[in-house]
Amino acid sequence: MKSILQQQLVRKGTNSVKWDGLERWFHLSEDVLPLWVADIDIRTAPSISEALASTAAQGEFGYTLFAREAQEAVRSWYDRRHDLNVDPKHIMFSSGVVPALTHIVEALTEVGDGVVIQSPVYPPFHELVVGSKRQVFDAPLTEKNGRYEMDFFALEEAMKQASLFLLCSPHNPVGRVWTKAELTKVVELANQYDVIVVADEIHADLTFPSHKHTAIGSLDPRVITVSAPSKAFNIAGLFASYIICTVDDWRKQIIKVQNKHHVLPTPFANTAIIAAYTDRRAERWLDQLREELEQQMNEMIDSIETNLPMLHTTRPEASYLLWIDFSELPMTAEERKSWLHGDVRVFLSPGGPFGPHGEMFERMNIGTRRELLDEAIARLHVQMKRKAFV
């Protein structure tokens, strides 16, 4: 079977944020390996490309409604893949997960209200709360024996002071797939303190075959779910996301905010959601990709443990993001950044923006050809040896 992940794909020169952004934004030369932005260096499922080409051939690109067929596709997907029964009328379009979270916070909380996050977490969680003039209440995750867990004491204390909780499930950057028991406890605390739970499940469909994602909406129908086929099918540039909200009043408030921001899908967003979630060829493609990602993730962790013993990782359970601890290297975060870019010639996502405890971490995207990852490890090994770090 032909590999999805190891295909040859040239993205440089295509206005790729991940590849071309290094020169445009950071003035770095082309020999720097980009292992940062959370997309994969692969073509999407062929069936999705075929569907998009068919839509393009129609030549009609006017203002577009969220297609009922797209709502039905989301309903069918969650029923088949996540054991969650969703009413299509409860599914709203969004132009992205971050805009969706921002609009929900604006719609369902007031200026000055508390919003709970769990650092280290995807930086926009913190940014959108602060930008909306709400208060951040952080309930940091705890790391035990190389595995991150929720601190339920800290979470309860934060919920006592908040009105909404932004849950990352599966978690970016640490890769945890929360268990049903953990999510049940989250729901119990939220109900106890009357906190609205908003779950970002965009990485759910990249849960590794050895693990199982639990849709938190299956534990409490009042949970608001935000997701997209973006990560799973590598179509983030199509801005095809959605919100699942069962509470009529909340949905009306969210739509009111969306209307203020002129949120509408493109014809291609509708097509992408329908093709990703209804074409069984795309579904088989995704299952192969999940297997390849888990294998490559395990091999990369083994390589780091063997060749870079001063670096430490947790073992993700989903997606293609690896959270790496650089704390044994005698460098500040700024010194490490200069060293990675100037000497190692590798660009990772610095950990600082993920939260106050992320300063000594870097996030690596392993969603690319193995030869590029091997080159990154080799460069790190050479430069660490040169500095007598290994």
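This report describes the overall build of a predicted protein model, followed by one of its helices and selected backbone features.

## Overall architecture

The protein comprises 13 helices and 15 strands. Its radius of gyration is 21 Å, close to the 21 Å that the globule rule gives for 390 residues, so the protein is as compact as a globular protein of that length. Taken along the principal axes, the box filled by the C-alpha atoms is roughly 60 × 55 × 40 Å.

Of the 390 residues, 58% count as buried. Among contacts with a separation of 6 or more, 75% are made by residues 24 or more positions apart.

## Surface and charge

The protein carries 41 positive and 52 negative side chains. The centres of these two sets lie 3 Å apart.

## Helix α3 and its surroundings

Helix α3 spans residues 68-82 and has 15 residues. From its first C-alpha to its last, α3 reaches 20 Å, close to the 21 Å expected at 1.5 Å a residue. The buried residues of α3 are A70, Q71, A73, V74, S76, W77, Y78, R81 and H82.

The cover over these buried residues includes both strands and helices. The strands are β2 (91-94), β9 (224-227) and β10 (241-244), while the helices are α8 (230-233), α10 (267-278) and α11 (280-307). Directly after the helix comes D83, which has a positive phi, near 50°.

The bond from S169 to P170 is cis, with omega near -5°. The peptide bond joining N172 and P173 is also cis, with omega of about 25°.

## Positive phi angles in two loops

D194, found in the loop between α7 and β8 (196-200), has a positive phi of about 55° although it is not a glycine. The relative accessible area of D194 is 65%, so this residue counts as exposed, the cut-off being over 50%.

H262 occupies the loop between α9 (248-260) and α10. H262 is not a glycine either, yet its phi is positive, at about 55°. With a relative accessibility of 69%, H262 counts as exposed.

Note on methods. Residues numbered from 1 in each chain as written. Predicted model: local features only at pLDDT ≥ 70, side-chain atom pairs only at ≥ 80, totals over all residues. Heavy atoms only, no water. Helix = DSSP H or I, 4+ residues; strand = E, 2+ residues; numbered from the N terminus. Rg over C-alpha atoms; globule rule 2.2 N^0.38 Å. Buried < 20%, exposed > 50% of the residue type's maximum accessible area, 1.4 Å probe, protein only. Contact = heavy atoms within 4.5 Å. Lys, Arg positive; Asp, Glu negative; His and termini not counted. Charge placed at Lys NZ, Arg CZ, Asp CG, Glu CD. Expected span 1.5 Å × (residues − 1).
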